[in-house]
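I opened this notebook to keep a record of what I looked up, chain by chain and then across the interface. The entries follow the order in which I went through the model.

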Amino acid sequence: MLEEPFATGHSQIHCLDPRLKVLFAIVYSFVVALSDRFPSLFAALGLSFLLIGLARLNIREVAKRVIVVNGLILLFWLLLPLTFEGVALFYVGPFAVTREGLLISARITLKSNAILLAFVALIASTSIATLGHALNRLHIPEKMVHLLLLTYRYVFVIEQEYQRLVRATRIRGFRSRSNMHTYRTYAYLIGMLFVRASERAERVHQAMVCRGFKGKFYCLREFSFSGLDFVWSALMALAVIGLGIVEWT
Amino acid sequence: MQGRGLFPDESTFYMHISEGVLSGPVLVSGMALAAVGTAIGLKKLDYDRIPQAAILSASFFVASLIHVPVGPSSVHLILNGIVGVLLGWGAFPAILVALTLQALFFQFGGITTLGVNTVAMALPAVLCYYLFGRMLHKNNSIALFGSFACGAFSVFLGAIMVGLALFFTEENFFKVSSLIVMAHLPVMVIEGIITALCVAFLKKVQPTLLPGYSGENGMDKPGKSP
């Protein structure tokens, strides 16, 4: 049920050094989030589409993500033009639709989509395990990285546990409605999830101690920075500088 | 449980700010606060307890994808109150990890808002741990009140923080902020009910998980079985 549909592939972007992808995604996301002018926002959206194209991802899966995020943005389009103070463009009933409100909704739409698409192309195109190793090499605190990797590892186990509990309730004829019985069932199910999880945690810890765990994890993965990575880092730096020039001069 | 998968939909917007909405200062302060909270949480979490914290954040990640019906619609559980009660300061790293995984699996949320969203969920969680954690082992009515308040208050406070983040970005967001807080009111009640029932269940089944049980204190003091 939990999948990483973009993580495998053979495009140029999939072959890049994950450290480079992480760094560029962080810088790029912040530059776009802080931009306000339309030329730079449109340029960013174009760049993000270019990245998606270069990563050759499953378009249907990408569209699914884009739709969820834009469903949220639709709420902004419904609320902001009516609630923002500014020059009224036209009236819907008693409410004034303001120019400022429309502009900020448009900005949010462009930014959100540009950042989302870049994230899909750069970060989701890396498997989470690889990403953890890359974060370790980027000097994110070790405990944090190991918490991330272990959580990733157990998410699948817990999800199966959850599906099992759900199946058990279904067999007993449980139907989800808005009543106290439903809430009690969910609450007990979640409680059971925590109980099973903590028992499992105890076992995992014992197994780790048995195998000689000494309170430190080691990351064995080495990354190499190839010629292709140099070319790409130059291009990425140019893209960021270009966006900066369009936005801040 | 309605046969749909665990993929999030628009209702996941509860306590969640999208990318590209907030201003630079708000994003940066969110990151700074999240970094401080996470550092404290990690410091209190020695390596021996990492599997425990990881498995709890994995369950938090899965449980928060459950749809619960409310009238004609349904909401996603947030469960930050119960995570706070179970993990104390460990809620910061646990929630940060769960949000990161949400971004990685579903591309829901992203890099720039990770800090703000973590603080909006984890800070109320830690507060609830201190405010209500002690009440859970008292007699039934106090425990019931404490656990309901824990679930409801953590959602309410989170909604207020989301509202404030929007308001500090742009004063014109005020009306939207108040709408967001209002939209959380039904979620608050549901979370309160679920948390109260869940805590009652844990008290019966495995009280060692709850803070303050026979002198043990959540994640702060490792509760190794003898």
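Before going on I noted the conventions. This is a predicted model, in which local features need pLDDT of at least 70 and side-chain atom pairs count only at pLDDT 80 or more, while totals for chains, interfaces and linings use all residues. Residues are numbered from 1 along each chain as its sequence is written, and chains are lettered from A and ligands numbered from 1 in the order in which they are written.

**Entry: chain A overall**

I took helices (H or I, at least four residues) and strands (E, at least two) as DSSP runs numbered from the N terminus. On that basis chain A has nine helices and two strands, and along the sequence they follow the pattern α-α-α-α-β-β-α-α-α-α-α. I then looked up the radius of gyration, taken over C-alpha atoms, and the globule rule, which is 2.2 Å times the number of residues to the power 0.38. Chain A comes out at 23 Å, well over the 18 Å that the rule gives for 249 residues, so the chain is more spread out than a compact globule. The C-alpha trace of chain A spans about 65 × 60 × 30 Å along its principal axes.

For domains, whose bounds come from an automatic or database domain assignment, I found chain A divided into domain 1 (12-126 + 224-248) and domain 2 (134-210). The C-alpha centres of these two domains of chain A lie 33 Å apart.

**Entry: burial in chain A**

I used the neighbour count throughout: a residue is buried if 20 or more other C-beta atoms lie within 10 Å of its own, exposed if 12 or fewer, and partly exposed in between, with C-beta atoms placed from the backbone. Of the 249 residues of chain A, 39% count as buried.

Helix H5 (residues 99-122) of chain A has 18 of its 24 residues buried, so it is largely enclosed by the rest of the structure. I also checked its length against the expected span, which is 1.5 Å times one less than the number of residues; H5(A) reaches 35 Å from its first C-alpha to its last, close to the 34 Å expected.

Phe76(A), in helix H4 (residues 59-83) of chain A, is buried, with 20 other C-beta atoms within 10 Å. Not counting residues up to four places away in sequence, Phe76(A) touches Ser105(A) and Ile108(A).

**Entry: two positive phi angles**

Most residues other than glycine have a negative phi. I noted His139(A), which is not a glycine and has a positive phi of about 65°, in the loop between helix H6 (128-137) and helix H7 (142-171) of chain A. Is His139(A) buried or exposed? With 8 C-beta neighbours inside 10 Å, His139(A) counts as exposed.

Leu79(B) also has a positive phi of about 65° although it is not a glycine, and it lies in the loop between strand E2 (73-76) and helix H3 (80-87) of chain B. Leu79(B) is buried, with 28 other C-beta atoms within 10 Å.

**Entry: chain B**

Chain B has seven helices and two strands, running α-α-β-β-α-α-α-α-α from the N terminus on. Buried residues make up 61% of its 226 residues.

For helix H7 (residues 174-205) of chain B, the 32 residues should span 46 Å, and the end C-alpha atoms are 45 Å apart, which agrees. I also noted a kink of about 35° at Leu185(B), shortly before the proline Pro186(B), where the bend is the angle between axes fitted to the seven residues ending at a residue and the seven starting there.

**Entry: where the chains meet**

I found 63 residues of chain B in contact with 69 residues of chain A. On the side of chain B that touches chain A, the elements giving two or more residues include helix H1 (24-43), helix H4 (91-106) and H7 of chain B, while the largest share, 13 residues, comes from H2(B).

One residue I followed across is Gly191(A), in helix H8 (residues 180-210) of chain A, which counts as buried with 24 C-beta neighbours inside 10 Å. Leaving aside neighbours within four places in sequence, Gly191(A) is in contact with Cys198(B), Phe201(B), Leu202(B) and Val205(B).

Notes
Two residues are in contact if their C-beta atoms, placed from the backbone, lie within 7 Å.
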